[in-house]
Amino acid sequence: MTAYWISIYKDVLDEAKLAAYAELAGPALTDAGGRFIARGFPELTYESGQATRTVLIEFASVEAARAAHDGPAYQEALAALDGGAVRDIRIVPAVE
């Protein structure tokens, strides 16, 4: 079943570290089967919505998303981020 990796950036503490992370993370996640669906700041927010950077990535399954996160290429990206951002990351199964 398809799954979605949702990253919400609560705070960016170091733009240089975030850039180093992004350079490694994008290829790591696409090489692991991820497909970027949305990336950026919201055009609109409702209710308790916050105007925070959000990234949505589609994977073939929860297991594929987990493997991408736990794999060595993405772990290298996380090491480059090194506390440069405060994020909320969720992997959510699709409704099918």
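Biologist: How many bridges join strand E1 to E4, and how do the two run?
Modeller: Nine bridges join E1, residues 3-12, to E4. The two strands run antiparallel. Bear in mind that this is a predicted model.

Biologist: Which residue stands opposite Ala-3?
Modeller: Pro-93, in E4.

Biologist: What packs on the sheet there, touching E1 and E4?
Modeller: Helix H3, residues 72-81. The direction of H3 makes about 155 degrees with that of E4.

Biologist: Zoom out. What is the strand order in the sheet?
Modeller: E2-E3-E1-E4. It is an open sheet of four strands, with antiparallel pairing.

Biologist: Which ones are the edge strands?
Modeller: Strand E2, residues 35-40, and strand E4, residues 85-93. Each of them pairs on one side only.

Biologist: Which elements give two or more residues to the lining?
Modeller: E1, helix H1 (15-31), E2 and strand E3 (54-59).

Biologist: Which of them gives the most?
Modeller: H1 does, with six residues.

Biologist: How does the lining divide into nonpolar, polar and charged?
Modeller: Eleven residues of the lining are nonpolar, two are polar and two are charged.

Biologist: Where is Glu-47 placed?
Modeller: In the loop between E2 and E3.

Biologist: Is Glu-47 buried or exposed, and why?
Modeller: Exposed, because its relative accessibility is 86% and the cut-off for exposed is over 50%.

Biologist: What about the phi of Asp-82?
Modeller: Asp-82 has a positive phi too, about 45 degrees, and is not a glycine.

Biologist: Which loop holds Asp-82?
Modeller: The loop between H3 and E4. H3 is the helix that packs on the sheet, and E4 is one of the edge strands.

Key: Residues are numbered from 1 along each chain as its sequence is written. This is a predicted model: local features need pLDDT of at least 70, side-chain atom pairs count only at pLDDT 80 or more; totals for chains, interfaces and linings use all residues. Side-chain values use heavy atoms; hydrogens and water are left out. Two strands pair if DSSP finds at least two bridges between them. Contact means heavy atoms within 4.5 Å. Axes are lines fitted to C-alpha atoms, for helices over the stretch in contact, and angles run from 0 to 180 degrees between N-to-C directions. Ala, Val, Leu, Ile, Met, Phe, Trp, Tyr, Cys and Pro count as nonpolar, Asp, Glu, Lys and Arg as charged, and the others, Gly among them, as polar. Buried means under 20% relative accessible area, exposed over 50%, partly exposed in between (1.4 Å probe, protein chains only).
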